[in-house]
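Hello,

Here is the structure I promised to pass on. Have a look, and then read on for what turned up in it.

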Amino acid sequence: MRISNLLASALCVWGCFLFTGCDSDNDSDNGTSPTTSATLTTREWRDVAYATQSQAQKLDIFLPATGNGPFPAIVSIHGGAFMMGDKADGQESAAKEGLNRGYAVISINYRLSGEAIWPAQIYDVKAAIRWIKANASPYALNANKIAVWGGSAGAHLSAMIGTSAGVSALEDASLGNASQSTKVQAVVDWFGPINFLTMDAQFAASGIAGETHNTPMSPESKLMGQLITEIPDKVQAASPATYITSDDPAFFIQHGTADTKIPTQQSVDFAAALQAAIGSGNVTFEALPGAEHGDPMFSTATNTAKVFDFLDKYLK
């Protein structure tokens, strides 16, 4: 992944794109606490800490303009090659369209690879899910109706959330709310990497002159803390496909056929494996003809309507 191009692409697609009973240790935010009224008086909270080990462990919460909930929630996970990006850089824009369809939207940050190597990223994202469930009532959220949605690196983390619930090696209980499950009801995966070790070979087979990933300076090697070809077992343990089981949530997967950063075959293979495990009726896969990585095609009104129709099926 060429980093400057990746971030620009990700921003393009995504840019086009209170009550009582809290049991969390990390319910501080920017000074505004959840309302205790039966009628919501606050519908937005920014920089809420879901853990305290890093300044990156914060999230923003947005509620629909009307209604008192509890609202089904979309958790937006930003991309950026695991080394950049932010919860408020515009990548959350597509998910925030859900506010108009009765969804709460929660945009999260996590430790980037420059601060901590894998599995810190999935530790953080899972800690955020646990925090959301533990604090669902104060923020008018439905803890039993949660979807994750990400693009590129954020799609990898979203997919990992979907397939690895209950995998203790990918949980850090010290980040809080250990009694909460990280299981979600739906996953939206936009052009995510799934198996880091197969990407170069897939580009070669496709005839597409894609970016090289089997190098020491690739985003994936930086994420893993070592050249990925030297640690195949660790890389396999970082693949969402490794943890697929028959009780996984529903998936909505899209990938552009002209993607030169992440091979389309990553999503083709992942969707096929999911369909074999949870049934074709629970997996939507679409290859978008001619679409590049982070293409504006993903965030058109027509395409996002497909995503929300999928989410409505499983969260409403």
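Which side chain has a polar atom 2.7 Å from the backbone nitrogen of I194? That side chain belongs to Q266, and the backbone nitrogen of N195 lies 2.8 Å from a polar atom of the Q266 side chain. A polar contact here is a pair of N or O atoms within 3.5 Å, where within protein one must be able to donate a hydrogen and the other to accept it, and residues adjacent in sequence count only if both atoms are side-chain atoms.

Before going further: this is a predicted model, with local features needing pLDDT of at least 70 and side-chain atom pairs pLDDT 80 or more, while totals for chains, interfaces and linings use all residues. Residues are numbered from 1 along each chain as its sequence is written, and side-chain values use heavy atoms, leaving out hydrogens and water.

Q266 lies in helix 8; helices are DSSP runs of H or I with at least four residues, strands runs of E with at least two, numbered from the N terminus.

Strand 7 (residues 250–256) has 7 of its 7 residues buried, so the rest of the structure largely encloses it. Strand 7 pairs in the parallel sense with strand 6 (residues 186–190) over 5 bridges and with strand 8 (residues 283–288) over 6 bridges; pairing needs at least two DSSP bridges. V187 is bridged to F251, and I253 stands opposite F285.

Best wishes

Note on methods:
Buried < 20%, exposed > 50% of the residue type's maximum accessible area, 1.4 Å probe, protein only.
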